[in-house]
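Dear colleague,

Please find below the sequence and structure that I am handing over to you.

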Amino acid sequence: LEPSMPSEFGLAYYGISMRPRSKAVKGLRDMLFAKNFQQFDAGLAFADTCNLNIGYADVYGHIGYVLTGPVPQRSCSPGREQLPLHGWEGHKWCGYLAHKQMPKAFDPPQGYLISANHKVVDPSYPHYLGQTWKSGYRAQAIDEELTALFAKGKVSVSQMQALQLNVRSCAAEAFVKEVRSVTPDKDTAEALSLLTGWDGELGVDSIPASLYPL
């Protein structure tokens, strides 16, 4: 604790999942009974217990995406909310983003949507959502694989099933590119040789794949 803190203080924790009187059950019901994307999105306005990535698809060929859950707006500078803050210095929640301001998409021109716990907005999005995201490598892999499939024509069910079992790692491929410029010691030369010749496939019988996390 910092010496500048008052001699008597309490530590308080608050999270959106701790708030009483949630209407999430109504939101779930409305989502399940929705007849179009607009009704689906309106129902999710009541999904106020946690942040979730929700995908949409209907029998008419439409697809969509909605990020649900309250996003607190804070008086502190972006990023500071990741650490405990002095309550007596005015670091307060100032409400929440309105549901209509949350990221969402409907029938994107590329014909598919990707949600892999990565940052789903670009710098043009005007609201602060936080700074804790996955790296984006999984989203990159999905995008590359789908782009390659669509380039060949209509995608089949068997191709999508195969995609679900894909073990290619974009993060591993990037790592291999970096270590190719490394000069190894004698006791690591063989391991480095295996890694630099590796294709980034995380197969169960791959020796380089077992070396990669080390």
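Strands β1 and β2 form a hairpin with five residues between them, and Gly61 in the turn has a positive phi of about 95 degrees. The two strands, β1 covering residues 52-57 and β2 covering residues 63-68, pair in the antiparallel sense over six bridges. Here two strands count as paired if DSSP finds at least two bridges between them; helices (H or I, at least four residues) and strands (E, at least two) are DSSP runs, numbered from the N terminus. Within this pairing, Tyr56 stands opposite Gly64 in β2.

Please note that this is a predicted model, in which local features need pLDDT of at least 70 and side-chain atom pairs count only at pLDDT 80 or more, while totals for chains, interfaces and linings use all residues. Residues are numbered from 1 along each chain as its sequence is written, and side-chain values use heavy atoms, with hydrogens and water left out.

As to charged pairs, the count comes to five salt bridges, a salt bridge being a side-chain nitrogen of Lys or Arg within 4 Å of a carboxyl oxygen of Asp or Glu. One of them joins Lys26 and Asp30, with 3.0 Å from N to O. Both residues lie in helix α1 (residues 24-32), four residues apart, about one turn of the helix. Lys26 is partly exposed, at a relative accessible area of 41% (buried means under 20%, exposed over 50%, partly exposed in between, with a 1.4 Å probe and protein chains only).

A further salt bridge links Lys104 with Asp41, the closest N and O atoms being 3.0 Å apart. Lys104 belongs to strand β5 (residues 104-106) and Asp41 to helix α2 (residues 37-44), so this pair ties together parts that are 63 residues apart in sequence. Asp41 is buried, with a relative accessible area of 14%, whereas Lys104 is partly exposed at 30%.

Arg168 forms a salt bridge with Glu173, and their closest N and O atoms are 2.9 Å apart. Arg168 counts as buried at 19% relative accessibility, while Glu173 is partly exposed at 23%. Salt bridges with shared partners join Glu144, Glu145, Arg168 and Glu173 into one network.

Finally, how many disulfides are there? The count is zero, a disulfide being a pair of cysteine sulfur atoms within 2.5 Å. Among the cysteines, Cys50 is partly exposed at 32% relative accessibility, and Cys170 is buried at 5%.

Yours sincerely
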